[in-house]
Amino acid sequence: MFRLLRRGDRLLISERDEDLFLVRQVRSVVGEYERWGAFSAAVRLAEREDLVVEWYLEEDVASAKPLRAARL
């Protein structure tokens, strides 16, 4: 499950359960999503409230579909 964790003007997208300790460090859970669609929700919120969006690159890569090589 992906969570949106907010602290001030920063919004972290994380699927890591270990990041829930951040909630105790003045972060709040803004939303929970079962899919990477959390990114779209984070971008909308960030645009509306002028926030910086952060995420783990390896989660982004893991959720991407493999690309097929183009034939030249």
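A salt bridge is taken here as a side-chain nitrogen of Lys or Arg within 4 Å of a carboxyl oxygen of Asp or Glu. By this rule the predicted model contains 4 salt bridges.

The protein chain holds 2 helices and 4 strands. Along the sequence, these elements run in the order β-β-β-α-β-α. Of the 72 residues in the protein chain, 28% are buried. The accessible surface of the protein chain comes to about 5,500 Å². Carbon and sulfur atoms account for 51% of that surface. Among contacts with a separation of 6 or more, 58% join residues 24 or more positions apart.

Side chains of opposite charge can pair when their charged atoms come close. R3 belongs to strand β1 (residues 2–7) and E32 to strand β3, so the bridge ties together parts 29 residues apart in sequence. R3 has a relative accessible area of 11% and is therefore buried. E32 is partly exposed, at 48% relative accessibility. R3 and E32 are also linked with D17 in a network of salt bridges.

Strand β1 contributes to a second pair. The side chains of R6 and E49 form a salt bridge at 2.6 Å, N to O. R6 sits in strand β1 and E49 in helix α1 (residues 38–49), so that distant parts of the chain, 43 residues apart, are linked. R6 is partly exposed at 22% relative accessibility, and E49 is partly exposed at 37%.

A further salt bridge joins the side chains of E54 and R10 at 2.7 Å, N to O. E54 is in strand β4 (residues 52–55) and R10 in strand β2, so this pair connects parts that are 44 residues apart in sequence. E54 has a relative accessible area of 22%, which makes this residue partly exposed. R10 is partly exposed as well, with a value of 30%.

Strand β2 (residues 10–14) also contains S14. With 1% relative accessibility, S14 counts as buried. The side chain of S14 reaches the backbone nitrogen of R16 at 3.0 Å.

The surface also carries a nonpolar patch, formed by L20, V23 and V29. Together these residues have about 180 Å² of accessible area. V29 lies in strand β3 (residues 28–33). V29 is partly exposed, with 37% relative accessibility.

Definitions and conventions:
Residues numbered from 1 in each chain as written. Predicted model: local features only at pLDDT ≥ 70, side-chain atom pairs only at ≥ 80, totals over all residues. Heavy atoms only, no water. Patch = residues over 30% accessible without salt bridge, like charges linked within 9 Å, V, L, I, M, F, W, Y side chains within 5 Å. Areas by Shrake-Rupley, 256 points an atom, 1.4 Å probe, with all protein chains shown as cover. Buried < 20%, exposed > 50% of the residue type's maximum accessible area, 1.4 Å probe, protein only. Polar contact = N/O pair within 3.5 Å; in protein donor to acceptor, adjacent residues only side chain to side chain. Contact = heavy atoms within 4.5 Å.
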